[in-house]
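Subject: Structure handover

Hello,

Here is the structure you are taking over. Please open it and keep it in view while you read the notes under it.

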Amino acid sequence: MDKNAFRTELDRVSFTPAGREALTDALMRAEAAPPVRRPVNWAKLGMAAALAAAALIGSAVAAGTLWDQYFGRLDEDQQEVIETLSRELPAAESNGTTMTPLAAFGDQDFYYLMLEIRAPEGTVLPDYGEDEGYYQLFNPDTRESITLLDGAGNDIRGDLEFEWMPRAGDSQVLTAVIRLWPAEGVNFSDGTDKILHIPGLWVQSPDKIYTPVLSGSWDFNIGTGNGESRSLDTTGVTVEDERFGTVTLDALRVSPLGLYYRSSWARGAEDNTLLSPPLEISVVMADGKEIYLDNTVGSGRDDECWYESYGPFEAPIDLSKAVCVRWNGVEVPIC
């Protein structure tokens, strides 16, 4: 397995139809082994209603209220983190459809965009049940998909997922939250151009037939993240594993939105039931609360006994109130 081949053995997921189509799309777009696409979750527990809160953008509380629908109830510290990382993006219009960023924020490794899609006057965007179809922002049959390009036009997209937010009753409007994961060497907070391109809107039937709903071209420059990222000292951080021997934490980086780690070990498991050691990782806050990862995606080399992974937190954290990262029971201080 090479460095760019993402490891589903360690991070098994149950794909929805949308997730399977997203993975198919990724495989069609690249000859090299692409990252495993995360499944699209069409509803997220704990989301509050009232997309009308978009009109309140401009204060930390308003931003937090908007993102409550996605992350669940945010405390004041989390609201302030989001406000600090937030940037305004202009709307884009094509063929009568306007896509408006209601909120956007990011750091080095992750970027979140809440996007309102308003169809032309008189166009109805019906609600669909799972047995009827799904709204999609891609069509693998025509090789149309969301792309992310740098200023030179190079494809820099890593993993991507989107979720549809609860609707507020307007049959002309859909709202999606798009979360971008990092590609190797891509830094969302370096200030360089990163153009997110959306090619349209389709309905995918249960039989995987894609019907165009809205066509056009919508572009957003999301190269404006500014989140702080900290590389932690992992010198001498090891644990012992019965099957893999000494497991070493080689690198660890944490930011308000997630973390990156790399580990290596002495030997492969003799029974071959696991390709790398099991992992437990969280961030411990000053009040004792542990923050876990919402998901992970990673790559590694079995023959060289190493693995690296990224993961976003379940919700943003205030790094100034984070005490340590707890990795397999070992605590690495956040200084």
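The notes below go through sheets, cores and aromatic rings.

This is a predicted model, in which local features need pLDDT of at least 70 and side-chain atom pairs count only at pLDDT 80 or more, while totals for chains, interfaces and linings use all residues. Residues are numbered from 1 along each chain as its sequence is written, and side-chain values use heavy atoms, with hydrogens and water left out.

Sheets

Helices (H or I, at least four residues) and strands (E, at least two) are DSSP runs, numbered from the N terminus. Two strands pair if DSSP finds at least two bridges between them.

Eight bridges pair β2 with β3 in the antiparallel sense, and Gly 106 is opposite Tyr 111 in β3.

Another open sheet has four strands, in the order β15-β14-β18-β19, and its pairing is antiparallel. Its edges are β15 (290-291) and β19 (330-333); each has a single partner strand, so one side of each is left without a neighbour in the sheet. Strand β14 (residues 281-285) runs antiparallel to β15 and is joined to it by two bridges. Val 283 has Ile 291 in β15 as its bridge partner.

Strand β17

How many residues of strand β17 (residues 306-312) are buried? Seven of its seven residues are, where buried means under 20% relative accessible area, exposed over 50% and partly exposed in between (1.4 Å probe, protein chains only). In a regular strand, side chains alternate between the two faces of the sheet. Trp 306, Glu 308, Tyr 310 and Pro 312 point one way from β17, and Tyr 307, Ser 309 and Gly 311 point the other way.

β17 runs antiparallel to strand β13 (residues 258-265), with seven bridges, and Leu 259 is opposite Gly 311. β17 also runs antiparallel to strand β16 (residues 297-301), with five bridges; Gly 298 has Ser 309 as its bridge partner. The hairpin of β16 and β17 has four residues between the strands, and Cys 305 takes a positive phi near 60 degrees there.

Cores

A nonpolar core is a set of buried Ala, Val, Leu, Ile, Met, Phe, Trp, Tyr and Cys residues joined through side-chain atoms within 4.5 Å. The largest has 36 residues, and those with the most contacts inside it include Leu 137, Trp 164 and Ile 222. β8 gives the most to this core, with five residues. A second, separate core has 26 residues, among them Val 283 and Tyr 307.

Aromatic rings

The structure holds 19 aromatic pairs. Rings of Phe, Tyr and Trp (its six-membered ring) pair if their centres lie within 6.5 Å; planes under 30 degrees apart count as stacked, over 60 as edge-to-face and the rest as tilted. Trp 67 and Phe 105 are an edge-to-face pair, 5.0 Å centre to centre with 90 degrees between the planes. Trp 67 is in helix α2 (residues 60-71) and Phe 105 in strand β2, 38 residues apart. Both are buried.

Regards
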